[in-house]
Amino acid sequence: MTTTTRSAGPASRGLGRTLRPTAKVLPEHARAHNRSMILQHLFHVGPSSRADLARSTALTRVTVSDLVSVLISEGLVEELGVRSEGKVGKPATLVGMRTEEFHVVAIDLTDDESLRGAVMTLTGEIAARRVVALDGRTGRAAVDVLRDLCQQLLAAADRPVIGIGIGSPGVIDPEGTVVEAPNRGWYQLPLAAELTAELGVPVHVANDANTRALGEFTYGGAVGSGVIVVTVGQGVGAGIVLDGALVRGRRDAAGEIGHVTVVDEREALLGEPGPLACACGRTGCLETVLSVPAMRRRIAGLTPEESDAALASVGRLLGTALAPVVSALNLAEVLLSGPPELLDGPLRESALATIRARTMPVIGHELELRMASLDEDGALSGAAVLVLSGQLGVT
């Protein structure tokens, strides 16, 4: 089933902050780097003169003029007329980024029952939405559903689409290959390359928790000094932003807390259900108790009091898994992203109490554990950031 809405969407927004670069700029990349600095300034600051751009980027005026000319020819930037300053001398001509003249397609694969996508402007305004049911499909059949959704969204765009951003569960390498996503039945799947070739539009794929973290950091006011966003859907994952940089880790598997073992036979002796089989092939993973399907099964048929107690027990397990991470990284915030009716209440309160009980007061006392500030569009916003970064160098 496909549903469609179109609205003016939220007020146009620019990215709030810039991620800290994590790699050196090589000489052969200098022009692309300089181009991205120009676009970064125009995107964050707004219309500026060429002299403003030279001062902001520390580039020469000749270099700035050359790059601006190229960007104008590409249609990304336009001249907006002269600035009224009341100063002696020739008035400066302003240039601005044409953020409303292009679209990006953003897709969120977090949910266990459906795929969500949107057509967005470069500043995050949603122009059209689509939701398609998965109907239990995994493996190649799920890829087919995703491809169809991409095609529907491309057809819904009424402006040039500069790229498609996809937030997917699992371990994703920098080239957009899904190394493993057990719940989707995807292993060593070159998803970005396949869809780029088939759709004729650049496709960028990253872990869904990482994209959610990018969205929260960019639009939601998350603390850049240290935040972990725990995404709860069909599976469980986490995205970490530390000192203004997204943490990827060795083999790009940072944040895969869903497959940390938290339940064993001892929990069964203490009244908890015994360890359950996980899609990864092991038993007792956090995902087997914290995923949305697992929690819904756990509280089915219970009274409100029993349901609260069951969710609190899940919160204790989550807190147990997070305490070493919070302590090792000295994080300031933990954000939960998922159904608030399951997460925001006894589960969240129990998780916070457990973390504080298991960490030093200097670490846990002022820790915030709250629901992610963005609504269900947070993952879509993060997926849009993938395109802005990958195609324009804007973060």
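R55 and D52 join their side chains in a salt bridge, 2.6 Å from N to O. The model is predicted. Both residues belong to helix α2 (residues 50-57), where a spacing of three residues puts them about one helical turn apart. The salt bridges in this model number 14.

**The R55–D52 pair**
- R55 is exposed, at 59% relative accessible area.
- D52 is buried, because its relative accessibility is 16% and the cut-off for buried is under 20%.

**Bridges between separate parts of the chain**
- R35 and E74 form a salt bridge of 2.5 Å, N to O.
- R35 sits in helix α1 (residues 30-45) and E74 in the loop between α3 (61-73) and β3 (77-82), so this pair ties together parts 39 residues apart in sequence.
- E74 is partly exposed, with 40% relative accessible area.
- R140 pairs with E194 in a salt bridge, with 2.9 Å between the closest N and O atoms.
- That pair links distant parts of the chain, since R140 lies in helix α4 (residues 139-156) and E194 in helix α5 (residues 191-199), 54 residues apart.
- R140 is partly exposed, at 44% relative accessibility.

**A salt-bridge network**
- D144, R147 and E198 are connected in a network of salt bridges.

**Negative surface patch**
- Helix α10 (residues 304-329) supplies the largest share of the patch, three residues.
- E305 is located in helix α10.
- The relative accessible area of E305 is 60%, so E305 is exposed.

How values were computed
Residues are numbered from 1 along each chain as its sequence is written. This is a predicted model: local features need pLDDT of at least 70, side-chain atom pairs count only at pLDDT 80 or more; totals for chains, interfaces and linings use all residues. Side-chain values use heavy atoms; hydrogens and water are left out. Helices (H or I, at least four residues) and strands (E, at least two) are DSSP runs, numbered from the N terminus. Buried means under 20% relative accessible area, exposed over 50%, partly exposed in between (1.4 Å probe, protein chains only). A salt bridge is a side-chain nitrogen of Lys or Arg within 4 Å of a carboxyl oxygen of Asp or Glu.
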